[in-house]
Amino acid sequence: MIGEIDVRAVLSRSVCEFHSDLVTRSTGRAVRDGIEAHLQEHPDITIVVLDFSAVRVLDCSCADEIVAQLLLRSAEAGAGRATYFLLRGLDEAHADQIDEVLRRRGLALAAEERDGGKRLLGLATDGMRAAWERVASRGSAAPEELAAELAWPVADARDALDALAGRGVVIRADAHYLPLSAA
Amino acid sequence: MTAVVEVPQSFDDRSFEQVAAGFAALGDEPRVLLDAHATEWASPFALVSLLCAGQTLLQRHGTRPLLTVPADKDVTHYWARTGFFREAEALFEIHGAVPRVRQPAESAVLLEITPVRVAGDVHTVVDRIQDRAAAILTAELGLEAKATLGFGMALSEACQNIVEHAGGGGWVAVQAYSWRRLGRRVAVIAVADAGVGFRRSLEATQARRYGERWGDGAALEAALIQGVSRFRDPGRGQGFRGIRKYLDHWDGKISIRSGTARIATVRAWDEDLPLREGLAAFPGAQLQLVIPAAEREVAR
């Protein structure tokens, strides 16, 4: 099940209804707590869409607490049960902050920007990025299809897709790999 | 006897060193006068740093140091518009007439001198400035609209440095004005505190790594260039990285003075030094972020 969370609304509930900026580490912790509480109340959610459309300013500290820590804690808590995260409604500055904090922690996330563009944020090899872009634009890909399009050996294509699945930025469904937005 | 620290005629981040030298030479003299009667211009960096001097002297001696206001009424009026006297009256025994002013709708003062003590203050500061910053950065400085997107982030991270590391409160001010050294208009964020400074903040986690090199300069390098934090968590220390990335994009500059050292990211338009050590000791940390107008500034 896909669950969409308006991050600005969580900020209003968790910190102050008058704030529209995600700044400071303590605010980030409070918002992350709010998101985690929501996910605990809805254990059937497997794909979490974090919507930043109504957020104005996002700073690095807050991005680290909300996004990077959320991923790390989810991985710790959910051993054996995968939860996928997708970011939506990012402006360019938001994407830059989140990209930086994910790289620093060796994480990656798929994101949809406000202009509709799709980006893989965080740490990934060039091969993983190329594979992710193909999967995102095609809507799904099998290793053989990817290998044919990129003129790669099938084993390399499979490795790249498995690495993306391991990072939680694509979903493996039988022989195919799907972008989170298509799941 | 009263020890006198003269405030320079043109008081900015460079001439601040005169004040720092005078401050360091005070010793234990309990009665101190900061004499600004001849001051004709002061940058936001200078004003928030002057508050730090007052706060330190008040804490050190338990009595407020004296401050003579600029003799030029226009200058005093400007200081009042920046919010300086509102903060200074608790720290200084002020000598001279302080005008009561109201902030005009269109002003170079984007954000009056504002105290920052807790995370909630950072929210207030960012919230208060974001709309006006958008107008100044695009209309006056001729920057693309997306320059506004990172401005609040840079302001927030600079202020959080106080909340997370200073061990006490500080002040922030934001102004836009013509910078003579550059010959262009600039937006300037100035943040200052009289807290523990970078060296003490990072000492427990970094001093051993640097060995004999450890000092104020090494601490500033560690924080600004390497992005290290007093916390061992690899996710910490990202604030300065974010600020630098934003400033890199807009050809902006950051300089930080702490203790006896000062570090700066030097631009082609600038004549600053990347690192200065052996300066006069001054408490806490003082930051300045400068975002210059686009090369072809919008005509005003």
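The points below look at one helix of chain A and then at the contact between two chains. Please keep in mind that this is a predicted model.

**Helix α5 of chain A**
- This helix covers residues 126–138 of chain A, 13 residues in total.
- From first C-alpha to last, α5(A) reaches 18 Å, close to the 18 Å expected at 1.5 Å a residue.

**What is buried, and what covers it**
- The buried residues of α5(A) are Met128(A), Ala131(A), Trp132(A), Arg134(A), Val135(A) and Ala136(A).
- Their cover includes the strands β5 (118–122), β6 (170–173) and β7 (176–179) of chain A, along with the helices α6 (143–150) and α7 (154–167).

**How α5(A) meets α6(A)**
- The two helix axes come within 11 Å and cross at roughly 110°, so α5(A) is roughly perpendicular to α6(A).
- On the α5(A) side, the contact is made by Ala130(A), Ala131(A) and Arg134(A), and on the α6(A) side by Leu146(A), Glu149(A) and Leu150(A).
- Sorted by class, this contact has four nonpolar and two charged residues, and no polar ones.

**Where chain B touches chain A**
- Chain B brings 21 residues to the contact and chain A brings 23.
- On the chain B side, α5 (119–140), α6 (147–166) and α9 (239–249) each supply at least two residues.
- The largest share of that side, seven residues, belongs to α6(B).
- By class, the chain B side has six nonpolar, 10 polar and five charged residues.

Note on methods
Residues are numbered from 1 along each chain as its sequence is written. Chains are lettered from A and ligands numbered from 1 in the order in which they are written. This is a predicted model: local features need pLDDT of at least 70, side-chain atom pairs count only at pLDDT 80 or more; totals for chains, interfaces and linings use all residues. Helices (H or I, at least four residues) and strands (E, at least two) are DSSP runs, numbered from the N terminus. The expected span of a helix is 1.5 Å times one less than its number of residues. A residue is buried if 20 or more other C-beta atoms lie within 10 Å of its own, exposed if 12 or fewer, and partly exposed in between; C-beta atoms are placed from the backbone. Two residues are in contact if their C-beta atoms, placed from the backbone, lie within 7 Å. Axes are lines fitted to C-alpha atoms, for helices over the stretch in contact, and angles run from 0 to 180 degrees between N-to-C directions. Angles under 35 degrees count as roughly parallel, over 145 as roughly antiparallel, 65 to 115 as roughly perpendicular and the rest as oblique. Ala, Val, Leu, Ile, Met, Phe, Trp, Tyr, Cys and Pro count as nonpolar, Asp, Glu, Lys and Arg as charged, and the others, Gly among them, as polar.
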